[in-house]
Amino acid sequence: MTRRAMGRMLMALIIAAMIAVPLVLPGEQWVNLVSLILIWALFAIGFDLVFGVTGMLSFGHAALLGTGGYTMTVLMLSYQVSFLPALAAAALGGALLAFAMGLFALRVSGLFFALLTLALAQMMYILASNKLRAITGGLDGIAGVPRPDLFGIDFYDNRNYYGFIVVVFLIGLAIMALLRAAPFGRALRAVQANDTRAAQLGYNVHALRQQAFVVSGAYAGVSGALLASLMFYISPQMLHWSTSGDVLIMTVLGGKGTLLGPILGVAVFELLKEELSQATQYWYGILGVIFILATIFLRNGIAGLFDGARDHDEGGAP
């Protein structure tokens, strides 16, 4: 069996385990926890297209996540739009904001890009908290975010909604795997490796980075909508820079530049958070120490422990 086949088998086993656990173990806790993991994993694999594949560190993804959540919430509550069109609008909202942010942020690179995305995201957070509070509910947020009303299924039952999240996650994962294995994904890896040489080979480096940012924005928008619906609530906190920090930690912990890594990172992060938050009020500090140690001793993240789990420039995602 080849390394890549082993990596794919490992991914299949992990995903199957995440899907099966809440169905096997009793109690709502596991259903809600794995639902949260799958939503954050969808967000993380979109983030990693920009960070791990294209090589751009963004601190603006919280704004994209929150925009998706608010887009769906406002459309459903204020304009009685049904769930699926509102979910599509959330993806579009995230993509459009990513495009707009890219017009400014992609004029620079490296640390300056990271800082500019941070500034733009915080501007969105301030607008949602104050200037747009008539729409966003301000710091109080909006309660009663609806869930789907489809096929006569009661999605207010957490297990049914979990099934819906699984379907969306698997579709998103399949699309991302195809994108990363396609010429588009190879071009992004070429840009990350050496953007000057990529430009000399005829690639439009700026356009490729913009496209990656827009696709990532669409994933963030869908994730924000699903998260708001899972929690029945959304607030400007979803747009705060710390949300971008969390998805960065998850991705690095799991293994950036891989398809499996962000999923593993989210799962480990959320499981540790669940256990540590019940044991001590200093759980975030402990998570920080774990992240530092993982960065030092697991240079390729958790996914790097498994042969074949990591992408290579000549191939697609496992």
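## Surface area

The chain exposes about 14,400 Å², and carbon and sulfur atoms supply 67% of that area (Shrake-Rupley method, 1.4 Å probe; for residues, only the protein chains shown count as cover). This is a predicted model, where local features need pLDDT of at least 70 and side-chain atom pairs count only at pLDDT 80 or more, while totals for chains, interfaces and linings use all residues. Residues are numbered from 1 along each chain as its sequence is written, and side-chain values use heavy atoms, with hydrogens and water left out.

## Overall fold

Let's turn to the chain as a whole. Its secondary structure comes to 13 helices and two strands (DSSP runs numbered from the N terminus: helices are H or I with at least four residues, strands are E with at least two). The radius of gyration is 19 Å, close to the 20 Å that the globule rule gives for 318 residues, so the chain is as compact as a globular protein of that length (taken over C-alpha atoms; the rule is 2.2 Å times the number of residues to the power 0.38). The C-alpha trace spans about 50 × 45 × 45 Å along its principal axes.

Of the 318 residues, 52% are buried (under 20% relative accessible area; exposed is over 50%, partly exposed in between, with a 1.4 Å probe and protein chains only). Among contacts with a separation of 6 or more, 76% join residues 24 or more positions apart (a contact means heavy atoms within 4.5 Å).

## The nonpolar core

The largest nonpolar core has 95 residues, and F164 and L226 have the most contacts inside it (buried Ala, Val, Leu, Ile, Met, Phe, Trp, Tyr and Cys joined through side-chain atoms within 4.5 Å). Helix α2 (residues 28-53) gives the most to this core, with 18 residues. Leaving out residues up to four places away in sequence, F164 touches F83, L84, L87, P148, L150, F155 and L226.

## E270 in helix α12

E270 sits in helix α12 (residues 260-279). This glutamate counts as buried because its relative accessibility is 4%. Beyond residues up to four places away in sequence, E270 touches L33, L36, I37, W40 and M250.

## V289 in helix α13

V289 is found in helix α13 (residues 283-297). With 47% relative accessibility, V289 counts as partly exposed.
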